[in-house]
Amino acid sequence: HERAHASAPQLTRKATVRDVVNRMEEQLRREVMTNQLSYVAGCTLDEARQLLLATDWHFDASLSLFLQEETVPRRGRSAVRRHSISGAFLLLSFVLSRSQSLPNSV
């Protein structure tokens with residue numbers, strides 16, 4: 001019985017470490033996505049984060065939402081940003097490069 005009790009905390013600690021690593025990986029993934037969206041769309045990091053939150057962290061939906069919003073004039077901004085078209089091409093090349101590197105599903 002003592003052996004069973006001794007191994008239980010180790011399993012809990014391993015699960016906890018795994019959970020921490022998973023949370024850290026998710027946080028890093030979200031930071032990378034925020035930076036990528038900011039770069040591609042030409043928006044601020046805060047705008048990119050808000051767009052990603054609004055679309056449940058779906059990059060393509062966030063960029064689409066950004067491009068839709070940019071066609072509506074906002075206070076202090078022009079109707080369409082210069083970066084939108086080049087951002088769309090950057091996104092297209094990004095998506096194509098990702099799709100080529102993904103393993104084929106069976």
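Predicted model: local features only at pLDDT ≥ 70, side-chain atom pairs only at ≥ 80, totals over all residues.
## Overall layout

The chain contains four helices and zero strands. Read from the N terminus, the order of elements is α-α-α-α. Of the 106 residues in the chain, 21% are buried. The accessible surface of the chain is about 8300 Å², and carbon and sulfur atoms account for 58% of that surface.

Contacts can also be sorted by how far apart the partners lie in sequence. Among contacts between residues at least 6 apart, 37% join residues at least 24 apart.

## Confidence in the model

The chain has a mean pLDDT of 74, with 53% of its residues at 70 or more. Confidence is highest in H2, at a mean of 94, and lowest in helix H4 (residues 83–101), at a mean of 58. The pLDDT falls below 50 over residues 77–82, a stretch that has 14 contacts in the model beyond near neighbours in sequence.

## The nonpolar core

The largest nonpolar core has 12 residues, among them Met33, Leu37, Leu51, Trp57, Phe59 and Phe66. At least two residues of this core come from each of helix H1 (2–41), helix H2 (45–54) and helix H3 (59–70). H1 gives the most, with four residues. In soluble globular proteins, nonpolar side chains tend to be buried together.

Leu51 touches Leu37, Ser62, Leu65, Phe66 and Glu69, leaving aside residues up to four places away in sequence. Phe59, a residue of helix H3, has a relative accessibility of 7% and counts as buried. The C-alpha atom of Phe59 is separated by 8.9 Å from that of Gln36, and the two residues are 23 apart along the chain.

Which residues of H2 are buried? They are Glu47, Ala48, Leu51 and Leu52. Seen down the axis of H2, these buried residues fall within an arc of 130°, so they line one face of the helix.

Thr34 is in helix H1 and is buried, with a relative accessible area of 5%. Leaving aside residues up to four places away in sequence, Thr34 touches Leu45, Ala48, Arg49, Leu52 and Trp57. Ser38 is in helix H1 as well, and its relative accessibility of 13% makes it buried.

## The loop between H2 and H3

Asp56 lies in the loop between H2 and H3, just after H2. Its phi is near 55°, a positive value in a residue other than glycine. Trp57 lies in the loop between H2 and H3 too, and has a positive phi of about 65° although it is not a glycine.

Trp57 is one of the residues of the largest nonpolar core.

## Salt bridges

How many salt bridges does the structure hold? It holds three. In one of them, the side chains of Arg29 and Glu26 meet at 2.6 Å, N to O. Both residues lie in helix H1, three residues apart, which is about one turn of the helix. Glu26 also meets Arg30 in a salt bridge, at 2.9 Å, N to O. Glu26 and Arg30 are separated by about one helical turn because they are four residues apart in helix H1. An α-helix has 3.6 residues a turn, so residues three or four places apart point the same way. Relative accessible area is 36% for Arg29 and 27% for Glu26, and both residues are partly exposed. Arg30, at 32% relative accessibility, is partly exposed as well.

Asp46 forms a salt bridge with Arg49, and their closest N and O atoms are 3.6 Å apart. These two residues are three apart in helix H2, so about one helical turn separates them. Asp46 counts as partly exposed at 45% relative accessibility, and Arg49 counts as partly exposed at 35%. Through shared partners, salt bridges join Glu26, Arg29 and Arg30 into one network.

Definitions and conventions: Residues numbered from 1 in each chain as written. Heavy atoms only, no water. Core = buried A, V, L, I, M, F, W, Y, C linked by side-chain atoms within 4.5 Å. Buried < 20%, exposed > 50% of the residue type's maximum accessible area, 1.4 Å probe, protein only. Contact = heavy atoms within 4.5 Å. pLDDT = per-residue confidence, 0-100. Arc of directions from axis to C-beta. Areas by Shrake-Rupley, 256 points an atom, 1.4 Å probe, with all protein chains shown as cover. Salt bridge = Lys/Arg side-chain N within 4 Å of Asp/Glu carboxyl O.
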